[in-house]
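Hello,

Here is the structure we talked about. My notes follow below it.

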Amino acid sequence: MLQPRPSQEKILEYTTGTMGVSAVPGSGKTWTLSLLAADIIARNVLDLDQEVLIVTLVNSAVDNFTQRIGEFLKQRGLLPHLGYRVRTLHGLAHDIVRERPALVGLDVNFQIVDEREGNRIRTSAAEEWLYQHPNFFDDYLDPDFDEGKRDWVRREKLPRLVDDIAYQFIRTAKDMQLTPQAARERLDDLPIPLPLAEAGVEIYGAYQHSLAYRGAVDFDDLIRLAYQALQLDEDLLARLRHQWPYILEDEAQDSSQVQEKILRLLAQNWVRVGDPNQAIYETFTTAKPELLRDFIREADFPRTLPTSGRSTSSIISLANSLVEWTQSEHHLEAARTALAPPYIQPTSPDDHQANPPDRAEQIHLIEKGYSPKGELKAIAKSLEQWLPDHPEETVAVLVPRNTRAQHLADLLRQADIEPVETLLRSTSQTRKTAGALGNILAYLANPGSANKLASVYRVWRRDAKEGENKEVWEEVKELAQLIRKCSHVEDFLAPGPDQDWLSTLDLEEEQEASLRDFREMVERWLKTILLPIDQMILTLSQDLFTTPMELAIAHKLAVFLRQLSNAHPNWGLPSLTDELAVVARNERRFISFTSDTGFDPEAHKGKVVLTTAHKAKGLEWDRVYVISVNNYNYPSGAAYDQYISERWYVRDNLNLPAETLAQLKAAFSDDVFHWYEEGTASQKARVEYVKERLRLLYVGITRAKKELVITWNKGRRGELQPALAFVALQEDRN
Amino acid sequence: MLQYTTPQLSIIESPFDAKTFLHGPAMTGKTTAGVERISYLIENGVPAGSILILVPQRTLAEPYRQALYHPDLPAGGLVTTLTVGGLARRSLETFWPLISEESGFAQPDLPPTFLTMESAQYYMAHIVRPFMREEGYFETVTIKRNRLYSQIIDNLNKAAVVGFPHTELGERLQSAWVGELAQSRVYADAQDCANAFRDFCLEYNLLDFSLQIELFRDLLWPNPTCRRYLTDTYRHLIADNLEEDVPLTHDLLENWLPDFDSALLIADHEAGYRRFLGADPDSARRLRHVCGKEVEFTTPLVSSPAVQAFNAHLTPAIRRELPPPGLPTLDIDSALSIEIRQYYPEMLTWVADKIRSLVEEGTPPGEIVVLAPFLSDALRFSLRELLIAQGIPSRSHRPSRALREEPTTHALLTLAALAHPQWEITPSQSDVTYALLQAIKGLDLIRARLLTKIIYRATQGKPTLSNFERIRPETQERITYQLGNRYQALRDWLYAYRENDPHPLDHFLSRLFGELLSQPGFGFHTDHDQGEITANLIESVQKFRWAVGKTLEAADVPLGKEYLLMVQDGVIAAQYIKRWGAPPDDAVFMAPAYTFLMNNHPVTYQFWLNAGARGWYERIYQPLTHPYILSRDWEQGEIWTDANETEVSLERLQRLASGLLRRCREKVYIGISTLSEQGYEQKGLLLQAVNRVLQER
């Protein structure tokens with residue numbers, strides 16, 4: 001086993017009380033925390049019904065921890081899986097609520113709607129509200145617009161804006177533990193009306209009503225209700241405190257206020273680890289990196305993990321100078337707290353993970369301002385040159401938004417470079433399994449379609465795609481093309497006498513056999529049409545899948561679709577197929593769907609990984625491109641900056657979602673001096689955004705191990721500037 | 001011929017005036033003695049008609065029924081087997097005129113309508129909906145509407161069987177509540193709805209279960225005529241599984257017992273599995289003092305010493321107590337085998353393989369049971385398919401699906417909608433496709449869809465089907481003339497029906513089945529399953545018509561349309577019970593653990609799946625009702641806390657595990673998948689307790 005570094009040793013010495021750890025990127029915090037969990041279990045201090053509770057941010061981290069702790073336990077001769085529990089906040093909240101659903105007004109069979117279903121319900125509530133209040137926002141529109149333009153904005157733009165407002169209002173209200181009724185009563189009591197908050201409450205009420213009708217809660221409700229349950233029942237709290245005598249929390253910089261409150265109630269011995277400099281989920285949540293900083297300061301044992309063997313010393317000093325510049329030179333006083341020490345320290349040369357040899361010339365901060373398209377072209381060209389010489393190295397391009405990545409992917413394909421887009425939209429195995437099933441269901445919903453049948457053929461022979469022999473796949477494609485041309489599908493699948501389409505073709509023996517086998521298979525599948533959806537999926541799966549993981553995913557999908565179909569008895573196959581397509585695109589996050597153990601950059605050597613900077617967190621590559629670092633994506637609070645949340649058609653640069661939240665908070669504030677004042681919240685939101693974006697840049701830079709390229713573009717109209725921080729880094733290096 | 005133990009014989013052959021309270025753990029031969037006691041009574045001249053068997057639910061009378069059908073039994077009158085609800089209903093049917101004046105009904109001179117669970121739910125939905133719509137009732141509670149209705153009905157029933165006024169429901173629930181304040185309002189809402197439902201029943205002469213019970217208890221049983229009839233008719237009583245029965249039964253028996261010549265009251269220890277339905281084992285215990293004699297059976301007759309020892313060690317482990325001294329030596333490897341797999345389907349494959357090897361070694365499949373706290377359809381289906389692949393027969397506790405999920409009923413109701421354009425229900429394209437697919441023999445999915453696309457339209461909210469001959473010839477050819485003719489016959493039949501006054505829906509379905517679908521060339525021809533489902537649907541419609549027909553008629557609502565809408569809404573969810581072609585008895589049984597317990601049939605090997613799940617011990621939470629707070633011995637004013645909940649959970653788990661092990665002859669196999677069916681990791685109390693026992697090793 002690897003020997004812990006001295007700073008890690010100090011953390012492993014922990015026995016009781018509170019400990020706060022500030023960890024720099026690449027300092028091995030997951031490893032250390034897993035080892036600490038295993039250590040505690042091995043110390044034999046836990047009763048049989050007690051567990052170490054590990055709380056982390058995302059599902060893939062749950063798997064990571066579970067596996068690592070399991071391995072550490074095995075090394076100590078103990079049974080894996082016992083004595084600890086790893087959860088995301090949602091998973092933990094689910095566990096707590098499941099202890100006693102009735103306590104918070106839930107039926108035992110309560111359903112959890114995921115983000116997509118929640119979005120659908122909310123969007124329709126927002127649309128309904130807007131339909132009833134078509135002129136509500138007139139007062140907020142740019143007064144220079146004529147009636148025609150106003151009308152256009154009402155029609156084309158407001159639905160999205162109202163949905164956005166509703167989204168943030170509902171999340172915040174839940175974070176504040178407010179029910180629609182409570183918010184409503186409070187607003188009714190106020191002497192001065194708060195119209196935006198009023199609108200929010202009405203949509204919130206309609207949304208909750210729809211959820212209740214379905215017997216469902218959303219993810220935010222889970223957290224709200226978990227906290228409520230712990231407050232309501234002392235016995236429950238006492239039991240859970242007994243059950244989890246140790247709580248280890250990872251990524252604590254992204255903890256929301258309510259997460260902190262829940263853990264504060266539960267914790268006796270509490271270790272919080274995080275990097276406040278990497279807090280990038282603050283917008284629209286109540287997470288604040290300051291909370292972790294405060295905790296570390298006040299903890300019984302404040303600790304740091306400052307050493308990182310990830311990057312070259314030049315990259316480390318670039319990251320450190322961003323922290324330094326922000327702290328001392330950012331022109332916006334309020335933004336200076338965005339980043340803070342500890343600075344990253346390289347490891348000692350004899351460390352098991354020593355830093356890569358320094359190559360300062362491999363940091364490219366490109367001064368030239370490209371056009372948006374030109375920037376992508378330059379990146380594609382750079383990659384085209386770099387890849388052939390580095391087949392064993394890893395590389396990623398960090399984009400600000402998914403659409404940028406799509407454009408870049410197209411360009412790369414034109415240059416015969418197949419990018420890895422997994423991080424943008426999907427997790428591999430779930431997507432493949434759901435996709436394969438989805439294709440077949442889509443056909444069964446429309447069995448006369450030769451096109452869909454051809455897709456089914458490709459799915460059925462999909463192994464050939466990944467096989468060594470490219471010709472086999474070519475042949476599959478040819479046969480699929482042939483099926484596509486079959487004008488009457490029934491003549492292929494259920495031919496009358498003398499009408500067999502197959503016998504009209506001039507095929508080689510093997511090809512004909514393949515199509516006959518296929519026909520037999522599809523005939524069987526067609527007969528599943530009257531089965532309930534879960535049985536249909538399971539039957540198809542038996543023919544389609546062989547690996548345990550595929551079968552497990554299919555089983556889960558079967559249960560999932562059955563639940564959906566119970567909740568929506570009128571949904572036919574097409575709607576259910578749509579849902580599978582959504583899973584395939586991975587928009588729908590399965591909570592605790594643990595077949596995807598996270599993304600491993602090392603599995604994609606010599607390939608270009610496309611990702612947003614947010615999704616890149618926790619990962620590392622040999623070479624990293626951070627692109628579009630301009631004052632739109634990384635504003636600095638300068639007068640000429642533009643902000644994504646300030647819609648062009650709204651007067652006075654108001655950020656209406658932020659204004660709405662400010663009204664809600666004002667309604668519940670006891671402080672008469674903090675009454676709502678229009679525009680203040682929009683300004684404040686700017687500062688928060690500026691700070692978060694600085695941290696995002698820091699995250700981007702610290703993903704690179706050996707080489708780093710940063711570029712910027714001037715925007716479509718050519719009016720954008722390089723981000724101020726970027727300019728500062730350039731100056732620093734010069 | 002069964003061999004009986006001496007204690008059993010002393011019960012069986014006890015005098016004709018003996019009144020005995022027989023109790024003991026499961027599988028000690030109590031029911032066997034009870035069953036044989038009846039044969040003994042009859043063989044020795046007691047008229048069968050004077051014997052009453054009282055059980056909490058009908059399935060528990062099965063051993064008695066089997067014995068009563070035994071050819072060796074002398075011919076004669078019939079033994080009566082009843083539940084307390086059945087007794088109430090039967091008495092009301094017979095003696096209604098005696099009490100109609102006092103019943104509180106608005107129209108006492110008219111006969112009452114007995115409501116089934118379904119029709120009660122239907123009326124409840126009608127009563128609750130306006131409260132929700134207009135007054136915002138139940139806004140804070142997250143529950144499916146149908147469960148909301150059923151829980152209010154459940155409350156009324158509990159008040160009746162436990163014996164307190166239904167008007168106290170809300171207050172009782174509220175006073176024990178520790179949680180969110182908004183919930184108090186919900187209890188008040190539930191109370192209002194219960195009151196409104198009761199008023200409605202009284203106004204329209206409707207007898208739901210709770211009213212049947214209350215009227216029987218308060219008016220009929222005290223009525224000398226009725227009581228004399230009952231006491232004269234029944235002279236000998238066997239009451240089994242008293243621990244699963246409600247306090248009302250215990251009250252009744254306490255009162256009735258002196259009138260019987262002989263009585264055998266039987267109660268299990270460590271059971272009470274129907275608690276959520278109002279069962280009260282504590283209340284049952286008081287009957288021991290009313291009987292002249294008390295006998296306890298203690299010797300387990302089923303489980304092996306190793307399984308008994310496992311049970312003895314598991315009990316303190318579940319209760320989180322230290323093992324008491326003097327426990328039998330643990331021989332865990334003989335009693336238990338645990339298998340861990342990463343994924344759920346892998347675990348199922350292991351189960352199927354293991355079952356195959358047991359069967360190959362000579363175990364009859366009927367001696368194997370696969371248990372889980374709940375059985376998802378996916379689990380049931382997957383395991384059945386795996387067993388079929390191994391050539392092993394299996395059966396499942398639930399041979400049915402809800403009406404709306406049954407393709408046959410779906411097809412029939414779609415055809416009903418097509419035959420009644422005046423209902424203005426327009427089925428979807430796929431509904432019509434699937435209906436044609438099933439109705440027309442030989443039609444395949446591709447042609448069914450093609451046909452539907454051409455012939456089916458919804459015009460001004462009304463469904464229409466066009467003639468086959470109006471289709472273009474080349475398309476006719478694609479569909480084939482033979483199938484086209486069959487479609488045309490179906491269409492002609494439906495349109496001929498449309499010409500005349502509509503029949504009641506059940507009559508319509510009978511005709512549709514008899515005149516068309518069961519004929520050669522149509523899908524239900526010679527298909528027994530579909531015939532059975534059709535019969536079941538007709539029966540459900542019939543019951544619906546009897547219960548609500550008049551009310552609907554008065555409101556001028558077509559019954560058929562209302563039935564369809566209610567099925568769509570899930571308010572009517574009748575399950576059909578398979579009557580023909582029952583599955584082979586010698587088959588692996590897959591069931592929820594509680595169902596297996598209530599079937600009371602021991603086996604050699606048990607497979608416990610999802611051992612980490614909470615369902616093994618978790619009470620069915622119901623936000624509008626509560627079995628413990630609404631029970632008789634709940635002190636009003638006490639608060640229901642997490643400590644109560646935990647205590648109840650552990651007790652439930654202990655009773656369940658012990659009940660299972662007592663019904664296991666040789667060995668338990670526990671199949672664990674690290675990730676559950678849903679992809680969650682599960683570490684429930686059962687797993688923890690088993691782990692504890694393993695560590696004792």
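Predicted model: local features only at pLDDT ≥ 70, side-chain atom pairs only at ≥ 80, totals over all residues.

B:Arg320 is not a glycine, yet its phi is positive, about 60°. Look for B:Arg320 in the loop between helix H13 (305-319) and helix H14 (332-335) of chain B.

B:Phe138 is another non-glycine residue with a positive phi, near 60°. This residue sits in the loop that runs between helix H5 (117-135) and helix H6 (145-163) of chain B. Is B:Phe138 buried or exposed? B:Phe138 is buried, because 23 other C-beta atoms fall within 10 Å.

Chain A has a cis peptide bond. It joins A:Pro341 and A:Pro342, with omega at about 15°. A:Pro342 lies in the loop between helix H14 (313-329) and strand E10 (345-346) of chain A. For context, most peptide bonds are trans, and most residues other than glycine have a negative phi.

Now the interface. In chain A, 60 residues are in contact with 60 residues of chain B. Several elements of chain A each supply at least two residues to the side that touches chain B, among them helix H9 (195-213), strand E5 (216-217), helix H10 (219-232) and helix H24 (533-544). H25(A) gives the most to that side, with nine residues. By class, the side of chain A that touches chain B has 34 nonpolar, 14 polar and twelve charged residues.

Best regards

Definitions and conventions
Residues numbered from 1 in each chain as written. Chains lettered and ligands numbered in written order. Helix = DSSP H or I, 4+ residues; strand = E, 2+ residues; numbered from the N terminus. Buried ≥ 20, exposed ≤ 12 C-beta atoms within 10 Å, placed from the backbone. Contact = placed C-beta atoms within 7 Å. Nonpolar A, V, L, I, M, F, W, Y, C, P; charged D, E, K, R; others polar.
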